[in-house]
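Reader: I'm new to this one. Can you walk me through it?

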Amino acid sequence: MEITNVMEYEEIAKQKLPKMVFDYYASGAEDQWTLKENRNAFSRILFRPRILIDVSKIDTSTTVLGFNISMPIMIAPTAMQKMAHPEGEYATARAASAAGTIMTLSSWATSSVEEVASTGPGIRFFQLYVYKDRNVVVQLVKRAERAGFKAIALTVDTPRLGRREADIKNRFTLPPFLTLKNFEGLNLGKMDKTDDSGLASYVAGQVDRSLSWKDVKWLQTITKLPILVKGVLTAEDTRIAIECGAAGIIVSNHGARQLDYVPATITALEEVVRAAQGRVPVFLDGGVRRGTDVFKALALGASGIFIGRPVLFSLAAEGEAGVKKVLQMLRDEFELTMALSGCRSLKEITRDHIVTDWDAPRIAPRL
């Protein structure tokens, strides 16, 4: 079967992967309301296309933290990619590099920062969980810096792991032939089998619940890398993040895997953008499956988006070639959306190109 859109990879992944692995990747927290809403909310944003504009040349390129990339579509951190495919994060890194975009490596990757760096050139960010043992954090950040990573994406929505019922039912744990490679030498690379979710037990034991804004400042004392605060959903936290020195904000609900019944990220985006007032770039992850979704996020003020599950599902289905294809399909769809909306570059995408179900009714101007 020919794959014609990103969503089609999910069913292929479901057929190929062990149930425990697919469920870990695919599921959300509790009722999974936010999981569905992350997708559904995009369908409540409609286009106001402008016509008869010369769109013979379209430029999708942009810059993120000063780095030039081919498109505003980047790869979000997703854990344990070797559960999806033997090449795991190596394949993802090569696909991102080939597409001229940024990959974010998870703290809980099954390949280390050094291994991912060894795949060749590329702009890479490192996603950080703050462990109770701060020496572990210092070592990890220093290793990421040495390996040429360009920014830290600090995950701030996980003092405890969300209740993911599929993982509880499946007694989820990292398969014995894999390790959390970044922690292998620190005796933190393995996950015990439990009568619950093995990951939830691991997080309870290792991740620091006392993490607070002062730690965002502390992080800046141990690294010169820019820090993106990942997991912001409100104007209040946007303002504090900027005051604490964040170089950017990622509007994220952790793929709907943490607190259920938070809004879809596309719904929360505009509040965050307004609070940021252009002082730092705002990015979004969660629910992006189409080029139209990318355009909608940019029209609402995002500087770019990150994709997570589409990478995992395409990796499971076709390895590096699958991830490349996902990035290419999204880019092609996004470019087409730009053309059909009358936008030739990212700076031409405006709030006036969309209408949302939370907008006040438009009064047509008098002629």
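This is a predicted model: local features need pLDDT of at least 70, side-chain atom pairs count only at pLDDT 80 or more; totals for chains, interfaces and linings use all residues.

Reader: Core then. Which residues touch the most other members of the largest nonpolar core?

Author: Trp108, Leu128, Tyr131 and Ile266 do. That core has 108 residues.

Reader: Which helix gives the largest share of this core?

Author: Helix α13, residues 309-341. It supplies 13 residues.

Reader: Back to Leu128. What does Leu128 touch, not counting residues up to four places away in sequence?

Author: Leu128 touches Ser107, Val137, Leu140, Val141, Ile152, Ala153, Leu154, Thr155 and Leu219. Another core lies apart from the largest one. This other core has 13 residues, among them Met74, Ile123, Ala153 and Ile250.

Reader: New topic. How many cavities of 30 Å³ or more does a search of the whole structure find?

Author: The search finds 1. About 420 Å³ of space lies in the largest cavity.

Reader: Which lining residues are closest to its centre?

Author: Pro77, Thr78, His254, Gly255 and Arg257. They belong to a lining of 29 residues.

Reader: How many of the lining residues are nonpolar, polar and charged?

Author: The lining has 13 nonpolar, 10 polar and 6 charged residues.

Reader: And which elements each supply at least two residues of that lining?

Author: α2 (19-26), β11 (304-307) and α13. The largest share comes from α13, with 3 residues.

Reader: On to the loop residue. Where is Asp208?

Author: Asp208 sits in the loop between α8 (198-206) and α9 (213-222).

Reader: Is Asp208 buried or exposed?

Author: Buried. Its relative accessibility is 10%, and buried means under 20%.

Reader: What does its side chain make a polar contact with?

Author: The side chain of Arg134, at 2.4 Å. Leaving out residues up to four places away in sequence, Asp208 touches Val130, Tyr131, Lys132 and Arg134. Tyr131 was also named for the largest core.

Reader: Last one, α2. Why is α2 largely enclosed by the rest of the structure?

Author: Because 7 of its 8 residues are buried.

Reader: Which residues of α2 are buried?

Author: Met20, Val21, Phe22, Asp23, Tyr24, Tyr25 and Ala26.

Reader: And what do they pack against?

Author: The buried residues of α2 pack against α1 (8-16), α3 (33-40), α7 (165-169), α8 and α13. Remember that α2 and α13 each supply at least two residues of the cavity lining as well.

Methods. Residues are numbered from 1 along each chain as its sequence is written. Side-chain values use heavy atoms; hydrogens and water are left out. A nonpolar core is a set of buried Ala, Val, Leu, Ile, Met, Phe, Trp, Tyr and Cys residues joined through side-chain atoms within 4.5 Å. Buried means under 20% relative accessible area, exposed over 50%, partly exposed in between (1.4 Å probe, protein chains only). Helices (H or I, at least four residues) and strands (E, at least two) are DSSP runs, numbered from the N terminus. Contact means heavy atoms within 4.5 Å. On a 1 Å grid over the protein atoms alone, a cavity is a set of points where a 1.4 Å probe fits but cannot get out, and a pocket is an open set with protein on both sides within 12 Å along at least five of seven lines; lining residues have an atom within 4 Å of a point. Grid points are joined across faces, edges and corners, and a volume is the space filled by probe spheres set on the points. Ala, Val, Leu, Ile, Met, Phe, Trp, Tyr, Cys and Pro count as nonpolar, Asp, Glu, Lys and Arg as charged, and the others, Gly among them, as polar. A polar contact is a pair of N or O atoms within 3.5 Å; within protein, one must be able to donate a hydrogen and the other to accept it, and residues adjacent in sequence count only if both atoms are side-chain atoms.
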